[in-house]
Structures are given as C-alpha cells and as structure tokens.
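The sequence and the model are shown first, and selected residues and overall features follow.

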Amino acid sequence: MEPAGSTALECHNGISMNLFLHLSLIPAVLIAGVLSFLQRRSRRLTIDHRLPFLAGRFGVVVPLDTISGLSNRWSYGFAFGSVSSSVLLLFSERYVPFTVPSWATAIVYLVGALEVGLAFFPFFACLSTPFRAVGAVLGIFYSLAWIVVSAWDTFTCPAGKVLGKYQKIIIQWPCILSLIFLFGRFIYILVKAVRIHFKLEQEDLEEFMQQHQVQHVRRLLRKPPAHSEPISWFRSRVYDWDPYFKFPNRIIGTAIISLIGLYTMTIADYSLSDATFDQLDEWKNVLEHLVSCNQSDVLEAVIPQLEEFSYVARKSWLATTVFASLNSVVYTFHVLACYRKHLKRLWKGQKGFLPEKFHTPKSAVSVASITRYSGWQIAFTLWGYLIVHFVQFLFAMAIVYVLVLPIQHGKALSMLTNLSIILLSIGLILGLVILQVALVQIFFLQDKMSPTDKHKPLALNNRKAFHCFNYFFFFYNVVMGLTNCVVRVLCSVVVGTWLVSRIDRTIMQRGYEGMDAGYSTWIGMIFADHYHNNPVMVCFCQLLVSNTLQRYTVDAYTTFSNTPPENPANSKARRRWALLYTLLRNPHLILLRKQHLSSSSSPPQSSSSQSDTALQAFVMASQTHNHQAVLQSPPEITVTLAEDC
C-alpha cells in the first residue's frame, strides 16, 4: 500500500505529509513544554533549591492513564484513530530519506515510532491535562492544523498507484474523521472550562472511584432476587450488556486502531489481488499468442486450465476477503467480551480458567504486559487476517475443484462416487469407534447403583470377556490410530491458524502455554488491571482517602461549637449495637474477631478462656441455625454503613 504523499511525483500540491510529520515536532515540543511548565511537581528536587523561581514547575506531562483511566475514553480512542495512518507510514521506504544498513532497521523503526508518538503527543496531553482551558486552546489550534493539511493533501491529490484515483480519500477518511471529532471535543472542553470559570457550571470532582464502580459494589452488597428475570437469546448467546463495567481507554483505543487497520488492510488486499489476477490474465494472453505462433499442442491444452484457474482463484479470493474481514471484526469485539469476562472471574477469585503456572504472574511481567498489549493485539489482528484469509482461500479452492467444477463439467456421477467412498470410509471409522463405546457401555460396565444415576459407575464387569475384547481390537486400533494422528495434526493446524489473532486463548498444548508470548501478555495484562481496577478495592481506597481528608480538614474551633462532633447516625453506641446484632445473627464471626485471633497467639494459660469462647460461639451458631431452619430463611449479614459514605 502506498503511503500518504507517495503520489507527489504525479500530483504537486505543495504539501508532503512526510515533511509535515517531521515539522510538526516543533509545535509538539512547544505544547509539551507549555503544559509541563503549568504542571507542578509534587516533590521538590535539587534543581528547585538551585533555581527557586521555578516553584516546582516543569512537571511530567502524562498523555493518558493506561491503567485505570476511564474518562474521555472515546476521545482517546479517536486520538488513537488519528495516529493510524502515520503508524502505517513507518513501514514505507519513503519514510527514511537516506539509506541505512540492514542491521540498523530496528533502530530506525524505534526512532520513527518515537517521532510519531511525539508528533501526536499534544492530542493526548491536551485531553489529559488538568489545565482544561489552556489544553483546549492548544488542542484546537493543533488539531485544526492537522485537519487543514490532511484534507488539502487528500482532496487535491486523491489518486494513488494501488486504489486508483480515489486512493487517499478511501484510506484517509477515518483519520480525518477522528481529527474532526477531536477538534469538536476540544471546543466542548473549552466551553465547559469557561462556564466553570464564570461559575455557571460546577467542576467535576476527581475521585478514585467512578459511579459504575460504586454501583457494582452496591450490587454485590444487595441481596440477590429470589427469581431472576429471563435473559433474551441475544444476551445469552451473543453479548450481555453490563452497565456497571467500563472498558479502559487503552482497550478502546486498541479496538479502534485494529478496526481502522483492518479496513485499510482489506482495501489494500482487494486492490493488490485484483492487480495480481489482472497480471495473470496478461500472462495467459501472452501464452495464447505464443501458442498461435508455435502451434504447440501441449501449451494449447494448458491455456483452458489456466483460464479456469484464474477465474476460480479471483472469485474465491474475493469471497474469502469478505469472510476473513468479518471474522477479524468479530474477533476484535469478542476479545472485548473476553476481557470483561476474565476480569469478572478474577474479581470473584476464580482462576480455574487459567493454567496453573499463570495463577501468580510476576509483577514486572504484568506491568510490562500492559505496555506490550496494545501493539501486539493490533499486530496479531492484522497478521491473523492475512493468515486466516489465505487458509480460507485454500479451502474455497479445494471445495470448488472437488465439488463445483466436476458438476459443471458433467462429472457429477464420478464425483459423487468418489465422495461416497470417502464418506463411507470415514463413517465406518467413526461407527467402529462408537461401537466400541456401546459394547463397553452394555457388556463391560456394572449396573447403576441407583435408578436416579445418569451413568453407570466406572467399575468393570465381565473381566475375562473384556480382556479378549481388548486383545482383538488392539490390532485394529493401531491402524485407526495412524488415521487419527493425521486428523489430529490437520485439526491443530486449522484451529491454530484460525485463532492466531486471538491472544486471549493459547494455541499451545497444555504445559507449553509459556511459549505463547501473546497469551502470556494477555494474562499479565488482565492481572495488572485486576490489581489496579478492582471496584471493591477502589471503593475501599476512596473511603480511606475521604475519611483521612475529612479528619485533617476539621476546623480547630469545632470543639467549642454546640453542634455534635459526629453524626448521631454513626455514633459509637449505634456501631456497637450494629456489631452485636451482626454477631448474634452470625455467631461464627466471633471466632474471626481481632480479639479472639490475638488471644489465640497468647501464652497457654489462656486456653480455658479460648475454649469457653469457642463453645459459646458453637452453641449460639447451633441455636441460630435451628431458629433459621424453623423460619426457613437464609442467614443474613447486616452491614451498617455511614450515611456520608
């Protein structure tokens, strides 16, 4: 695929996107410097003592929170979308104006990636900066410059060598649309900042927890309904919407770039394949001309087959392009669903869906996985599209040559004969496998222990007959094992190539999951998100921070006020009464209290008091259990929260 600006030789519009990308580093550095000057450091450094007039300025400007960022998710997603065309520009030879040795290619790509990241850094920094007005103004001018230059280059010279006279419009419209969205978003941020400055609107308080996390914790504390509502077919089979879960901006941005990359890859794939088949038709015409000149019977017999192959391959490639694209798009959204499902399982403490060696990943590996995930997921998605497309193309060609063409050539009877022989052989193999299971089920297993059992127990019956049965089938199973071995290899190849773009599943066998670098990155990433974004943990930290701030912001003269220092609803007597009620309803919690646990580690002379406490708890638990059995009501755990939580 030709990058933007590759048609500069055919069309001169006075703009080179490669040069503009290089020159955009100057305003990008200036914007980063302005935002860094406004940002104050939380800790004073040595330079602050030497240069006291800085007053802690020139802090670190964070482009986006890649771990727990949940605000401006779609804005960050469209910011990633605006980068997609420049990321593809890195793979162009025109990006490097000079020749470099082959061993330095990796360094050139690293420098190019840093340049692209710095050129688009202002979009992310202006969205994340706490100085909303300044960031919005800078973002408006920077995004407007990119919109004008990109639109001018796209609409004045839209032609290209691969897609024809509308190549740039077809490729660049997602990026231009993303830039326009960012421009509108910066205008909205500026208007909101002005309204907050004139006190026409209240500023949103920044807290650890989001509203959906609070609702998730409330749902956990709420008693589940006795009768759950029926779930529709779409929610049970396709996607179940959860209003109390939000994807981080890193996941949203990864999905958007993957979709834009798939779109670009599909368009380029279709155009290149069309040009390739046109070249094949030209070779066929040249071959026909040679046959007409030389009168060769051998080449004359090849021409119809070559013409038929070109037609079948063109149609098969076009059909599989559509199916491979849909397959990759579905995988992109399915990975989002798997991310939510795996995180919810980890929140519940369920790790059974993971291999045992991945239950406790290393901390450094998990944090590094967050850095690698987005790039690897995009690359795996694009490579997976190409691999799956090629595999589907081979299957389509096989189906056409085995089933379709024999019918068109009037050889349907011979085709059905050969097909019936193959199906009969496969049916006999499967039938004998089923026969072995049926014979074992009828003659060589003992009867059910209870009429309500679904299956017979794993206990042999008629041992002598079973040994004879096992002996005679031994020789046949050797021959059948050879066939099943080939089938196993084919199934592994097909499934492995089909799932190559899904790094949420390993394509390695059990015990070798560590060799799958993509799957290891996925596991490390979800564990890092689990430890940093668990709603229960986040809400707990928010309560701690809120109580600490409230404690330190109490006025010193409140002691002389007539108002009570504490809310009566959260008084000590009320808390002790709630504790007593909870322990009476749940006596087993007595043994888990701090006093009992600390007394268990005291000297042996307190063993009598420990046994008395344990006995009283056991008696109370028994009485409570009997009383609840009579009332036929489940145990209830009462938790009293403060009203100001």
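## Lysine 199

In this predicted model, lysine 199 has a relative accessibility of 74%. Because the cut-off for an exposed residue is over 50%, lysine 199 counts as exposed.

Lysine 199 sits in the loop that links α8 (167-197) and α9 (211-221). Its phi is near 60°, a positive value in a residue other than glycine.

## Asparagine 462

Asparagine 462 also lies in a loop, between α14 (412-443) and α15 (463-498). Although asparagine 462 is not a glycine, its phi is positive, at about 55°.

The relative accessibility of asparagine 462 is 41%, so this residue counts as partly exposed.

## Cysteines

Cysteine 126 has a relative accessibility of 1% and therefore counts as buried. Cysteine 175 is buried as well, with a relative accessible area of 4%.

A search for disulfides across the whole structure finds zero.

## The chain as a whole

The secondary structure of the chain consists of 20 helices and zero strands. Of the 645 residues in the chain, 33% are buried.

Among contacts in the chain with a separation of 6 or more, 74% come from residues 24 or more positions apart. The chain exposes about 41,700 Å², and carbon and sulfur atoms supply 67% of that area.

Technical notes
Residues numbered from 1 in each chain as written. Predicted model: local features only at pLDDT ≥ 70, side-chain atom pairs only at ≥ 80, totals over all residues. Heavy atoms only, no water. Disulfide = S-S within 2.5 Å. Buried < 20%, exposed > 50% of the residue type's maximum accessible area, 1.4 Å probe, protein only. Helix = DSSP H or I, 4+ residues; strand = E, 2+ residues; numbered from the N terminus. Contact = heavy atoms within 4.5 Å. Areas by Shrake-Rupley, 256 points an atom, 1.4 Å probe, with all protein chains shown as cover.
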